[in-house]
Amino acid sequence: MKKIKAFVDMEKEEAYLNTMAQKGWALVKYSAFSVYTFRKIQPTSSNYRVDYRAFRYKEDLEEYKAMFEDSGWVHVCGSRRSGSQYFLPKTDATQDEDIFSDLASKAARYKRWYRSALGGVLISIPLFAVAIANGKLFGYSYFDPSTWFLTPGLWEKSGSDFWSAFFLELPFVILRILPLLMMFVGVLYAILSVKAYRIYKKSLNKN
Amino acid sequence: MNLNKLLPLSETTFYIMLSLREPLHGYAIMQNVEALSNGKVRIAAGTLYGAIENLTKQMMIKEVEVENQDKRRRVYALTSYGKKLLASEIERLKHLIAISSDLL
């Protein structure tokens, strides 16, 4: 079973995965665009733990995984570039434990999160500038969808004439407005990183 | 490098650095810290990984080559900066103990 869910708050994400396990669904994989893949299991109470960390080299991820495995955790999923890393207790010793033993390091996962999200925002800024320049150059406005189509007289056509011309141009339109879509992603990243930053500050000041 | 900026060390950092007078890999650090503290300080994996990363960036510890090394378990040890930092932290703590023993 696949589910799409977006979490910034990793404690809520952990609680969600524990609830799913209680209902008989174990996490198999987390993939791009927040897709969680689950498989059917016997309902069980779990202690999922989430870290956020991306690695430059595969060897770095391997060392990280070994450190967790040695100390009683199973690395459920997470790749070099996925960011989110998911863990479950391997033994009874870690059944009620956390993967962090102090507040500062537990909060630092949000710092890594918002830093990588800010990377997404920075990439989207020049793309947006290119998009505006392109629009000026080719005479279409991002704020008026009817100008995205450049086929002469398209909007005066009707019936199958219209639809065939419409779909013929649609792929080019999508390419044309791609920078706009990227900008939306950039704005989304900006909102999410502000949220992650707030959680970071809040979790640093707990207790 | 101004080492005093890094003082005082957190308890976790102190125990990790104290353990790395000799080369150890991640899990061995955890075990050593637990033993040194009579089971009171148990560093979790996520915290240790972050601490090793920070100490490496600050050049207080570095990865070292050892014989029969397991590729997945990198071994770390104090650098000369790290040794100096640890020594000045111990001096600082000694001073605190000395003045409080005099006063109480």
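Me: To start with two side chains: are B:Arg74 and A:Asp60 buried or exposed?
Reply: This is a predicted model, where local features need pLDDT of at least 70, side-chain atom pairs count only at pLDDT 80 or more, and totals for chains, interfaces and linings use all residues. Residues are numbered from 1 along each chain as its sequence is written, chains are lettered from A and ligands numbered from 1 in the order in which they are written, and side-chain values use heavy atoms, with hydrogens and water left out. Buried means under 20% relative accessible area, exposed over 50%, and partly exposed in between (1.4 Å probe, protein chains only). On that scale, B:Arg74 and A:Asp60 are both buried.

Me: What do the side chains of B:Arg74 and A:Asp60 form, and at what N to O distance?
Reply: Side chains of opposite charge can pair when their charged atoms come close. A salt bridge here is a side-chain nitrogen of Lys or Arg within 4 Å of a carboxyl oxygen of Asp or Glu. B:Arg74 and A:Asp60 meet in a salt bridge, with an N to O distance of 2.8 Å.

Me: Where do the two partners of that pair sit?
Reply: Helices (H or I, at least four residues) and strands (E, at least two) are DSSP runs, numbered from the N terminus. The pair crosses between chains. B:Arg74 is in the loop between strand 2 (61–64) and strand 3 (75–78) of chain B, and A:Asp60 is in helix 2 (residues 58–70) of chain A.

Me: How many salt bridges does the rule find across the interface of chain B and chain A?
Reply: One pair joins B:Arg72 to A:Glu62, with the closest N and O atoms 3.0 Å apart. A search of the whole structure gives 20 salt bridges over all chains. Across the interface of chain B and chain A, the rule finds 7.

Me: What area do chain B and chain A bury between them?
Reply: Contact means heavy atoms within 4.5 Å, and it takes 19 residues from chain B and 21 residues from chain A. Buried area is the accessible area (1.4 Å probe) that two parts lose on being put together, summed over both. Carbon and sulfur atoms carry 48% of it, and the total is about 1800 Å².

Me: Which residues of chain B lose the most area to chain A?
Reply: Three residues together give 40% of what the chain B side buries. They are B:Tyr49, B:Arg72 and B:Arg74.

Me: Which pattern does chain B follow along the sequence?
Reply: Chain B has 4 helices and 3 strands. Its C-alpha trace spans about 50 × 35 × 25 Å along the principal axes. Read along the sequence, the pattern is α-β-α-α-β-β-α.

Me: Which residues does A:Val28 contact, leaving aside its neighbours within four places in sequence?
Reply: A:Val28 lies in strand 2 (residues 25–31) of chain A. It is partly exposed, with a relative accessible area of 35%. Its contacts are A:Thr37, A:Phe38, A:Arg39, A:Val76 and A:Cys77.
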